[in-house]
Amino acid sequence: MPKLETFPPAHRWPGQRFVSDISAGFLAHQIWRNFAWEEILSRYHRSALGLLWIVFGYAFFVGGIAFFFGGFAKMGLGSFTIYVAIGYACFQFLVANVVDGCAVFTGSASWIRSTTLPYSIYVYKSIFRSLLPIALQLIVVAIAMLYWQPPLKWNIIFVIPAFAIFLINAVAIQYLCGLIAARYRDVTHLVGTITRILIFTTPILWVREERTGVIGLVADLNPLTHYIEIFRAPLMGDDIRTISWFVVAGFTVFVWLAAALAADRMQRRLAFWV
Amino acid sequence: MYKLSAKNVSLVFPLYGNKPAPDQLPTNKKDSKQQRLIKNTSGAIIGVKALTEVNLDLSGGNRLGIMGANGSGKTTLLQVLAGILTPDAGTLTVRGHRSNLISIGLGLRPQATGRRNIFLSALAAGHSKDDILEKKADIESFSELGEFLEMPVSTYSAGMRMRLSFAIATAFDPQILILDEWLSAGDAQFKQLASKRMNNFVGSAGILVFASHNPALLKSNCNLGLWMKDGQPEALGAIDDVMAEYQKFNGT
């Protein structure tokens, strides 16, 4: 016999709603894995090359950037190509978290209004779906690295914790952006405006170490710089700056706290907003 | 024993971005609908009192039919009972797994085939992979979609989608089943099949909550009746009594 439940459940400590939603959703991984896969399939439905478009498209893009911008950088063409390939893949993944995050709940409106699934399922689904493009883009990176053979060091193992940090951040960022954008529809447009600027203020198409003064300062004030560097530096054979770890750790704690607070206040009303 | 009860459940539907209409004339007429709108000091509508102080107590074997005019709060009540909307005040007490079919076709993936949708919808309803594989044949045969199950759901008619959704929702021996009006979109033969299926599972001590405008459907599927009026229960009791009262009020 199922147990007797009372709704809404008692709310004992701040953040409880968020934590229970996040954990219940994670355990239902069969649901979000299957739905993410379904969305990927339908996106490339009736396309002959299908997912190969991501690989070709990215190789073409990176090659073009390296050709046009390589002359402005002091580093060699091989290093610069790898630099762009890693940096842009990370940039896209991180920014997509914010952009997809804004639509994570509104895009699942029909589900939110017809099922009682934990809301975090839509977040996990969205993240799982976005793992595919970055995985395919990293194939391009791997090919470039095999060709140019950058001088790697033991610290290459840092790419694993770095990517884990990307994923941990993705959960909180998408949840937070999803809630805010569902209530305040202007946020989606604001995010679009900001990301257009970020592509220039983040060291992806230019090399931070080669710039001093205002540009270097802008790069350091941009948290994305540090996120990208903890992943890119070990793959280029460079050391990760301590300040990058600190910025990333601080920002991670901040977004998780913000998401928990927002969920406590807003989650109950989400079904009305989407 | 399964249980579904609501205690003093109230809900205001919040509305956003409504500015007071400049051409709105001041009015003295007070009909019941106007009293349900909540306005701020500048006259903009900020919410609708969708449900006010609803009390219900259902246990195993109860089949509740909900009737009422459009906008009387039937669907909102179903959404609250299903756990989709959280009420502003009051509590729900539930024992048993709740399945709902409130919006037809919602939750179906249009690009995926009917067969794939059976798997996805059943997963989303909280069933395990093994359970789904076990019930798959039953769902496929009850839906009577035959070879259309190989086609994407986007090619289905409304009636076909409904058959599929209904087959999925009722296949897993639902303990508490919450249904909205849309059953009447089916053809006569399907209505009969659906009634038979619902009777079967309610016979096994489940609870049914069913909103409809169709008196015959309500009478054949329910033993209790609830008449909703302006977001409040107007009458609750045996289906025939409540139905008679409701029809008398409507002059039919």
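Two strands are called paired here if DSSP finds at least two bridges between them; helices (H or I, at least four residues) and strands (E, at least two) are DSSP runs, numbered from the N terminus. The model is predicted: local features need pLDDT of at least 70 and side-chain atom pairs count only at pLDDT 80 or more, while totals for chains, interfaces and linings use all residues. Residues are numbered from 1 along each chain as its sequence is written, with chains lettered from A and ligands numbered from 1 in the order in which they are written.

**Strand E1 of chain A pairs with strand E5 of chain B.** E1(A) and E5(B) run antiparallel and are joined by 4 bridges. Phe7(A) has Leu92(B) as its bridge partner in E5(B), and Thr6(A) stands opposite Thr93(B). Thr93(B) is also the bridge partner of Ser5(B).

**An open sheet of 5 strands contains strands of chain A and chain B.** The order is E1(A)-E5(B)-E1(B)-E3(B)-E2(B), with antiparallel pairing. Its edge strands, each pairing on one side only, are E1 (4-7) of chain A and E2 (37-39) of chain B. On average, neighbouring strands of this sheet are turned by 25 degrees against each other, direction ignored (axes are lines fitted to C-alpha atoms, for helices over the stretch in contact; angles run from 0 to 180 degrees between N-to-C directions).

**Helix H2 of chain B lies across strands E1, E3 and E5 of chain B.** H2(B) spans residues 74-82 and runs at about 125 degrees to E1(B). Leu81(B) is in contact (C-beta atoms, placed from the backbone, within 7 Å) with Leu4(B), Ala6(B), Leu92(B), Ile178(B) and Val209(B), leaving aside its neighbours within four places in sequence. In the largest nonpolar core, which has 134 residues, Leu81(B) and Ala85(A) touch the most other members. Such a core is a set of buried Ala, Val, Leu, Ile, Met, Phe, Trp, Tyr and Cys residues joined through C-beta atoms within 7 Å. Helix H4 (residues 77-103) of chain A gives the largest share of this core, 14 residues.

**Strand E7 of chain B is covered on both faces.** Ile176(B) and Ile178(B) on one side, and Leu177(B) and Leu179(B) on the other, are all buried (20 or more other C-beta atoms within 10 Å of the residue's own; exposed means 12 or fewer, partly exposed in between; C-beta atoms are placed from the backbone). E7(B) pairs in the parallel sense with E6 (residues 98-101) of chain B over 4 bridges, and Ser99(B) stands opposite Leu177(B). E7(B) is also joined by 4 bridges to E8 (residues 207-211) of chain B, again in parallel. Val209(B) in E8(B) is the bridge partner of Ile178(B).

**Residues of chain A and chain B make up the contact between the chains.** Chain A gives 25 residues and chain B 26. On the chain A side, E1, H2 (29-43), H5 (109-112) and H12 (270-273) each give two or more residues. H2(A) supplies the largest share, 6 residues. The residues of this side divide into 10 nonpolar, 9 polar and 6 charged (Ala, Val, Leu, Ile, Met, Phe, Trp, Tyr, Cys and Pro count as nonpolar, Asp, Glu, Lys and Arg as charged, and the others, Gly among them, as polar).

Key
Contact = placed C-beta atoms within 7 Å.
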